[in-house]
Amino acid sequence: MSLHLRTRYPVAVLLGLVLLLLAPLAAAQDSLVATVAAEDEAGALEQGLEQALVRLAGLRSEPVLALVEEMLETRDDDGWIAALERLREVEEGVYRLEFDPFRLRTALRDAGVPAVLGERPGLLVWAVLDRNGQRELLGDAVEGRGVLSALESLAAERDMPLLFPLGDLQDRRAAQPSDIVGGVTEPLLEAARRYQADGVILLHVRETATGAEARSVAVHDGREFRGSAPGADAGTAARAAVAQGLDQVAERLARVAAEPEWVRLGFVDVQGYAAFERLRAELVRLQAVEAARLDSLMADRVVLQVRTGLEPGDLVDLLRGSGFDRSEPPDDADAADVWLDRG
């Protein structure tokens, strides 16, 4: 929609711009909520803090766990850690905690903990459940003894998108259970094209007399990452095996952010106010971006001030994962450190 709306609806547009300028951090200030089962508040705080930091970092790593311990050891009811938490028991033994994501990101950065700062890859899960001598391809039509629900929970906790196939006739023809079990990746990568995934996870879950066993192969950016785990049931084993692969994928993508500064990014082919709002929301979802606020807005382009811990060149490299690339600046453009468009 053209910003010629300024002449038709000046009050609405002006109000929207004023609100954006007055509250540039609003999108980054939402609470990060963790719900945990624990024996007491101290245990709930430890579990909740770990869950929150793992989600923000995008992986469960030794540096993340060390930061959890350090923050708990230095906890002071009158200090800054107490300001991070709003804890209450929602039912017996189950606690709901709210953390300030801005302050946790600052803690990760100050401690030099690597985190996935850019767009997190969406991986398609080709899963086979081996049960009573039968192999089932899991998908929308076949949930598979809690396997997919366990993976959905894991994806939410890692903030790493997992995609699941329909399991329809086209999938059953293209994705053979024998390839999934054998870890044959090439045909399964080809079959995943219809879902526009960034990679795949091959998961084989086998029920045993004492529980279940799971093996996974995560494929991303031309590399394979393997995991395996036993479990009391199929869902538990699947979750543990896939978590190992996700952590290995994320470890390659993780970076340590520097002290944030404001960078001016220009974007071409941003058609109107609604497109600008979507762009700003997309940017502040990235871990590398603390805030994005309006600098100037024109009919078909926008300049944003972006607060980030990355140099402009590194930020551009990161944004390529979201489909952006460098663009020539318009002839009459306002000054910007970098101009981008979506390829």
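Trainee: What share of the contacts in the protein with a separation of 6 or more comes from residues 24 or more positions apart?

Mentor: In this predicted model, residues 24 or more positions apart account for 64% of the contacts with a separation of 6 or more, where a contact means heavy atoms within 4.5 Å. The protein has 13 helices and 14 strands, and 48% of its 343 residues count as buried.

Trainee: How do you know that R60 and E50 form a salt bridge?

Mentor: The closest N and O atoms of R60 and E50 are 3.0 Å apart, and the rule asks for a side-chain nitrogen of Lys or Arg within 4 Å of a carboxyl oxygen of Asp or Glu, so the pair qualifies. R60 lies in the loop between α3 (41–57) and α4 (62–73), while E50 lies in helix α3, 10 residues apart from R60. By this rule the protein has 22 salt bridges.

Trainee: Why is R60 called partly exposed, and why is E50 given that name too?

Mentor: Partly exposed covers values between the 20% cut-off for buried and the 50% cut-off for exposed. R60 has a relative accessibility of 42%, so R60 counts as partly exposed, and E50, at 22%, therefore counts as partly exposed as well.

Trainee: What makes R239 and E157 a pair that links distant parts of the chain?

Mentor: Their side chains meet in a salt bridge, 2.6 Å from N to O, and the two residues are 82 residues apart, with R239 in helix α11 (residues 234–253) and E157 in helix α7 (residues 147–158). R239 is partly exposed at 26% relative accessibility, and E157 is partly exposed at 25%.

Trainee: Is R109 buried or exposed, and is D110 buried or exposed?

Mentor: R109 has a relative accessible area of 14%, which is under 20%, so R109 is buried. D110 has a relative accessible area of 57%, which is over 50%, so D110 is exposed.

Trainee: What makes the phi of N132 worth a remark?

Mentor: Most residues other than glycine have a negative phi. N132 is not a glycine, yet its phi is positive, at about 55°. N132 is found in the loop between β4 (123–131) and β5 (134–137), and its relative accessibility of 71% is over 50%, so N132 counts as exposed.

Trainee: Where is D159 placed, and what is its phi?

Mentor: D159 is in the loop between α7 and β6 (162–163), and its phi is near 55°, again a positive value in a residue other than glycine. With 40% relative accessibility, D159 falls between 20% and 50%, so D159 counts as partly exposed.

Trainee: Which residues gather in the patch of negative charge on the surface, and how do you know that E89 can belong to a patch?

Mentor: The patch gathers E39, D40, E41, E89, E91 and E92. Patch residues need over 30% relative accessible area and no salt bridge; E89 has 44%, so E89 passes the area cut-off and is partly exposed. E89 has its place in strand β2 (residues 86–91).

Conventions
Residues numbered from 1 in each chain as written. Predicted model: local features only at pLDDT ≥ 70, side-chain atom pairs only at ≥ 80, totals over all residues. Heavy atoms only, no water. Patch = residues over 30% accessible without salt bridge, like charges linked within 9 Å, V, L, I, M, F, W, Y side chains within 5 Å. Areas by Shrake-Rupley, 256 points an atom, 1.4 Å probe, with all protein chains shown as cover. Lys, Arg positive; Asp, Glu negative; His and termini not counted. Charge placed at Lys NZ, Arg CZ, Asp CG, Glu CD. Helix = DSSP H or I, 4+ residues; strand = E, 2+ residues; numbered from the N terminus. Buried < 20%, exposed > 50% of the residue type's maximum accessible area, 1.4 Å probe, protein only.
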